[in-house]
Amino acid sequence: MHAPSPLVPPLSVGLVGLGLMGAPIARRLLAAGVPLVVYNRTAERAREIGEAGAAVADRPIDVGRRASAGIVFVMVTDHPAVRAVLFGRNGVARGLSAGALVVDLSTVSPAQSRATAERLAKRGIHFVDAPVGGSTDLAEEGRLTVFAGGEAADLERARPYLERFSVRIEHLGGVGGGSSMKLVNNLLTIGHVALAAEALALAEGLGLDRQRTIDLLSTGGGRSTMLDRKADMFRKRSYPAHFRLRLADKDVRLVEAAGRDVGRSTRLGREIRRLYDAAIAAGLGDADFAAVFDTLLPRPSGTGAPPPPVAPAA
Ligand SMILES: NC(=O)c1ccc[n+]([C@@H]2O[C@H](COP(=O)([O-])OP(=O)(O)OC[C@H]3O[C@@H](n4cnc5c(N)ncnc54)[C@H](OP(=O)(O)O)[C@@H]3O)[C@@H](O)[C@H]2O)c1
C-alpha cells in the first residue's frame, strides 16, 4: 500500500490593482478557491478583498515574492501605472524570478504592451497582454472576454485563472495582439455611447420625450448594445461609474496613437475624444462615461457650467 501523498498547498497568484475591475476579478478568483496575494496603491481599498480571504501585501515587490505560482495579474489605469507597479523601486518585477509570468489585464496600447514585455524579458519574465471586454457587472458575473497576446504556452499557464472571470478567451497572436483588439473594440463601444448621447441630446432639442425616444430607439435600427446598457443612466441622468469617463478618454487617445502608428484614420475617434475632453473639463472624469450626455445638453443661462445631473454622479 502507498503512503498517502503529503498535502501540497495550492499555489498562490498575485493581483495588483483593486479598482472597479480588479476588485470583482479578485472576488471571482477567491470564490473559486484560488489563493491570492494582492496589492492596491490606496491600501484602504484592499481591505474588503483582504477580508474576503486574500493576503494583502504592502508593496508590489511582495506580491511578486509571495505569488508562489509565479504568476501576477495587473489591472491598473494605464501604462504609467503599469510601469509604476512593475518597475518602480519596489515593483513586482524585482520580486519575481526568471520564468515567472506577468499578465496585464489593463487597457494600454500594443506599443506599450510590447515595451512592457521587452523590459520584463530582460529579467527572463514572460508576459501576456490580456485586456478584457465587458464592464464591472460582467466581471462580477465571470462573463468577461479576454483578448490575449503573447506565447501560446504563457496563455495556457494563465488560462485556468482567466477562466474564473471570463467566458471567452481569444488568442490574438504575439504580444500586443490583445491590446490591438481591445482598442478596436473600445473605439466602437465608446463611440456608440457618444453617438447615443448626441442623438438623445438632439431629441430633447427637438422636443421629443427622452424616455419615449430611448424606448423607440431600442427597437429600431439605431439600437446598440451600449445604448441598451446605458439607457437607465441616460433616463435618470445619474452616472455611477462602471467605466470612468477619464478612462474612456484615455482609450480614445490610445486609439488615435495606434492609428497614427499604422497610418489609419481615426478622424471620428478624434471628434469623440473631444466630447470626452469637454466632459472631463466639466468635472465629470470620475463619473461613468455615459455622463458625456450631460455636456451635450444646454447650459443654464448665464453660467459657463453644464447643467447639474439630476442625481449626483459617483
Ligand atoms: N471599468 C471598466 O468597465 C473597464 C472595462 C474593461 C477594461 N477596463 C480597463 O481596466 C483598467 C482598470 O480599470 P478600472 O475601471 O478598474 O479603473 P479604476 O477603478 O480607476 O482603478 C484603477 C486602479 O489602478 C490603480 N492605479 C492607478 N495609478 C496607479 C499607480 N501610479 N500606481 C499604482 N496603482 C495605480 C488604482 O489604485 P488606487 O486605488 O490607489 O487609485 C486602482 O487600483 C483600465 O486600464 C481600464 O481602461 C475597465
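Buried means under 20% relative accessible area, exposed means over 50%, and partly exposed lies in between, with a 1.4 Å probe and protein chains only. This is a predicted model: local features need pLDDT of at least 70, side-chain atom pairs count only at pLDDT 80 or more, and totals for chains, interfaces and linings use all residues. Residues are numbered from 1 along each chain as its sequence is written, and side-chain values use heavy atoms, with hydrogens and water left out.

Start with the charged pairs. A salt bridge is a side-chain nitrogen of Lys or Arg within 4 Å of a carboxyl oxygen of Asp or Glu. The whole structure holds 23 salt bridges. One of them joins Glu-48 to Arg-27, at 2.7 Å from N to O. Glu-48 lies in helix 2 (residues 47-51) and Arg-27 in helix 1 (residues 22-31), so this pair ties together parts that are 21 residues apart in sequence. Helices here are DSSP runs of H or I with at least four residues, strands are runs of E with at least two, and both are numbered from the N terminus. Glu-48 has 43% relative accessibility, so it counts as partly exposed. Arg-27 is also partly exposed, at 27%.

Now look at helix 3 (residues 60-66). Asp-62 and Arg-65 both lie in this helix, three residues apart, about one turn. Their side chains meet in a salt bridge, 3.4 Å from N to O. Is Asp-62 buried or exposed? Asp-62 is buried, with a relative accessible area of 14%. Arg-65 reaches 52% and counts as exposed.

Asp-228 is partly exposed at 31%, and Arg-223 is partly exposed at 48%. Salt bridges can also link up into a network, as they do for Asp-249, Arg-253, Glu-256, Arg-273 and Asp-277.

Next, the buried side of some helices. In helix 4 (residues 79-87), the buried residues are His-79, Ala-81, Val-82, Val-85, Leu-86 and Phe-87. What do they pack against? Their partners include strand 1 (13-16), strand 4 (71-74) and strand 5 (101-104). Helix 3, helix 5 (92-95) and helix 6 (110-121) are partners too. In helix 8 (residues 152-162), Asp-154, Leu-155, Ala-158, Tyr-161 and Leu-162 are buried. Seen down the helix axis, these residues fall within an arc of 100°, so they line one face of helix 8. The arc is that of the directions from the helix axis to the C-beta atoms.

Strand 5 holds Val-103. Its relative accessibility is 0%, so Val-103 counts as buried. Contact means heavy atoms within 4.5 Å. Leaving aside neighbours within four places in sequence, Val-103 is in contact with Ile-71, Val-72, Phe-73, Val-74, Val-128, Ala-130 and Ala-158.

Finish on the surface. Leu-172, Met-181 and Val-184 form a nonpolar patch there, with about 230 Å² of accessible area together. Patches are made of residues with over 30% relative accessible area and no salt bridge; like charges are joined within 9 Å, and nonpolar side chains (Val, Leu, Ile, Met, Phe, Trp, Tyr) within 5 Å. Accessible areas come from the Shrake-Rupley method with a 1.4 Å probe, and for residues only the protein chains shown count as cover. Val-184 is found in helix 9 (residues 177-205). At 52% relative accessibility, this residue, Val-184, is exposed.
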